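Please read it beside the sequence and the structure shown here.

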Amino acid sequence: MSRRDWLPDFLARLAAEHLLARAADEALLAPALRLVLDPEDWGAAAKVAAHIGLRHAGVWADASEGAGVPASFAANLVAGVAADLDGEHDPQRIAVYACLEHLGGYLVLETAVPLERPVLPSQTPHYPGLDRLERHCHDLTGVVFQGHPDPRRWTRHQAWEEDAFPLRTDFPTAGRSGGRVPADADYPFLTVQGSGVYEIPVGPVHAGIIEPGHFRFQAMGEEVLRLEERLGYVHKGIEKIAEGRDPEGLARLAARVCGDSTVAHTWAACQAMERATACAAPPRADWLRALMAERERVANHLGDIGAICNDVGFSFAHMQCARLRELWQRRSRELFGHRLMMDAICPGGVAADLSADASALLQADHMALRAAAIPLFDVIDDHPSLNDRLITTGHLSTAQARNLGCTGSVGKASGLAFDVRRDCPYPPYDMLEVVVPQESDGDVAARVRVRMTEIQESLILMDRLIRTLPTGKIRVPLRPAPPGAVGLGLVDGWRGEIMTFVRFDTDGGIARFFPRDPSWFTWPALEQLIMGNIVPDFPVCNKSVNGSYSGEDL
Amino acid sequence: MFRILKQSLKTGVVTEAAPATDDAELERLGIELRRHVHARLGRSLAIRQVDAGSCNGCELEIHALNNPYYDLERFGLHFVASPRHADALLVTGPVSRHMETALRRTWAATPIPKLIIAAGTCACDGGEFGVSYASRGAVENVIPVDVKIPGCPPAPLELLRGLLAAIAPGAAPSADPGDHQND
């Protein structure tokens, strides 16, 4: 079955529901196809999509000047669509996008709502994983999602007013008030009542060396009855301060969306910009990018496997993994210039070439890591005290994972083997066979096994990448962006699918940047998988998912 | 059990294996650090790390200080779970406006005298994020800072060096609450 075989069925069902969907120029957001919808059909289209099992990969809005299909491209569209969406003729509109995926084929739904009355049916009733994305979208652009089951604020705390929307053109980047921002003390958490029920508020400043966020537990005895997350503490206005940057500047910002996924996020942003400007990075750069992305995957999995073991008191594995990770990071600094490989990917290619003797060093490293990790993973896999704590702990069913749209190790451990590298491959993965681990147990132990397998698969991939490393240039200059050019980046990071949308303004600067981290879908998974577990198992459950705070707060 | 012993024995004590170029300096820095910690703080420096808006890059490197190569605790430095137990705050990130009050409260909860260390380029000068509707920029825009450790993120050795600077003679801990006392 090819990647888009489901599309005719989807279109037929839309037609059967009398939903008007118009295909638009498909080169714009390649590899995704595009469908333009009337705003009133927005919710119903999601219902049809959910019915045939499409995964939702996120929703975002573009409220800045010139949003929507640019004039230069509008000529390619049927007249009606152009009139609907042409932002240049009618700047008082907010363009809204939703990305769907099935069997590796992507589809972007687009619509536009008037700035004066930006009302759109919510897709959350059909896709629960969209809950916070739509609330984020509302807090930043003012789009009102009608029928959303939870109208509370999400990303907005107290730094700006309820009726101000930072991503609108009239909102100054510096903000409107310089005064101290009070704590968001009256956020209406849901409460649970009953005899013996008590509440544990945690955060935003946690006890460990971790990012800030708030967790509100309702517990009875040791058992967690309910967990509610409250994030947004590290909202740094990334989408706003991206505006007007040049491609290099955007790549630097993308590298800091989420420090542990710096390679994957930079790659996704550069891929989006390269697609927008029809400029392909040279093959050697693709190979080096993949090499770095796999290194990032290995480093993070090593760190997390160790931390998961540490959270249940098994410090042997923690120390062993920390040691291996440190050696790995030192090599990254030596060969790629930075311990996390930050800023190593740049628009049009990579910043630095690999030296001639690096291949041998890396291959020896891979062998050494394999030799150290395999016996270690054997211990982790069947150590009685670990089994006792990790098996059945933090269970996420396949239905729950699918419902939320989880990708990455969380999805893979719950039976969803989607991986962008295999299912919608981008260079160089289109030339490589990517083996994707899949587990069905959905517990912490399964997530650990997925990560252990991914490390071993990454080692195989990296060996192959080194053996087939093409010669030639590592960077080409990015072509000037046509006014209003848009691009979609789709990269598999170690947490899962990263989707990045970029739109250029008329001067070759960035008008809109939206990096969608996979954490948007795994944070709600944590709320579900913790239920019924004991409070002391929260750290290990949390670590097994390891959502990014910074990647979601933006 | 035997597999664990075997792996541990085979791995050995990596902390003292010092062939890499870095490690001599690590030892030197560590010993100097321990001397200052002993002299000024009575054998231990308790550090409370606060992420005030970082991208998590700095946290990864601060974590690395605890790995067996750096093994920070042997120098008398350790990370504590509460600001009330801390001698020093190690603050990362540009201070997001949403974390501003939490950071002030953490600062107020830390007993005097206290050292405030800004770790990472963002904490030092706002970095890539600067000052905006969502960010206050540098940590010193919100609470007084004694020492800055630049770097994006600072590598573990740079962090060690910065911690040393923080407790070296001449770097007086901030005792003056100034106008930053309450939120």
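By class, the residues that line the second largest cavity of this predicted model comprise four nonpolar, five polar and five charged residues. That lining is made up of 14 residues, and A:Glu296, A:Ala299, A:Arg339, A:Leu340 and A:Met341 are the ones that lie nearest the centre of the cavity. The space within the second largest cavity comes to about 90 Å³.

**Cavities**

- Helix H9 (283-311) and H10 of chain A are the elements that give two or more residues to the lining of the second largest cavity.
- The structure as a whole holds six cavities of 30 Å³ or more, and the largest cavity contains about 100 Å³ of space.
- The largest cavity is lined by 13 residues, and those closest to its centre are B:Ser54, B:Cys55, B:Cys58, B:Cys122 and B:Cys152.
- In chain B, helix H3 (57-64) and helix H5 (121-125) are the elements that give two or more residues to the lining of the largest cavity.
- Divided by class, the lining of the largest cavity has six nonpolar residues, six polar residues and one charged residue, whereas five charged residues are counted in the lining of the second largest cavity.

**Interface of chain A and chain B: extent**

- The size of an interface is often given as the accessible area lost when the parts come together.
- For chain A and chain B the area buried between them is about 4900 Å², of which 57% lies on carbon and sulfur atoms.
- Within chain A, the residues that lose the most area to chain B are A:Arg180, A:Ile209 and A:Lys236, which together account for 16% of what that side buries.
- Counted by residues, the contact takes 71 from chain A and 56 from chain B.

- Five salt bridges are counted between chain A and chain B.
- A salt bridge is formed by A:Asp382 with B:Arg3, and the closest N and O atoms of this pair are 3.0 Å apart.
- On the side of chain A that touches chain B, the elements that give two or more residues are helix H6 (238-241), helix H7 (247-254), helix H10 (315-336) and helix H11 (358-381) of chain A.
- Helix H10(A) gives the most to this side, with eleven residues, and H10 of chain A also gives two or more residues to the lining of the second largest cavity.
- The side of chain A that touches chain B divides by class into 34 nonpolar, 20 polar and 17 charged residues.

**Backbone geometry in chain A**

- A:Gly203 and A:Pro204 are joined by a cis peptide bond, for which omega is about 15°, and A:Pro204 has its place in the loop between strand E8 (197-202) and strand E9 (214-220) of chain A.
- A cis peptide bond also runs from A:Pro427 to A:Pro428, with omega near 5°, and A:Pro428 is found in the loop between helix H15 (420-423) and helix H16 (444-467) of chain A.
- A:His18, a residue other than glycine, has a positive phi, near 60°, and A:His18 is placed in the loop between helix H1 (7-16) and strand E1 (21-24) of chain A.

Notes
Residues numbered from 1 in each chain as written. Chains lettered and ligands numbered in written order. Predicted model: local features only at pLDDT ≥ 70, side-chain atom pairs only at ≥ 80, totals over all residues. Heavy atoms only, no water. Contact = heavy atoms within 4.5 Å. Buried area = accessible area lost by both parts, 1.4 Å probe. Salt bridge = Lys/Arg side-chain N within 4 Å of Asp/Glu carboxyl O. Helix = DSSP H or I, 4+ residues; strand = E, 2+ residues; numbered from the N terminus. Nonpolar A, V, L, I, M, F, W, Y, C, P; charged D, E, K, R; others polar. 1 Å grid on protein atoms, 1.4 Å probe; cavity = no way out; pocket = protein on both sides within 12 Å on 5 of 7 lines; lining within 4 Å. Points joined across faces, edges and corners; volume = space filled by probe spheres on them.
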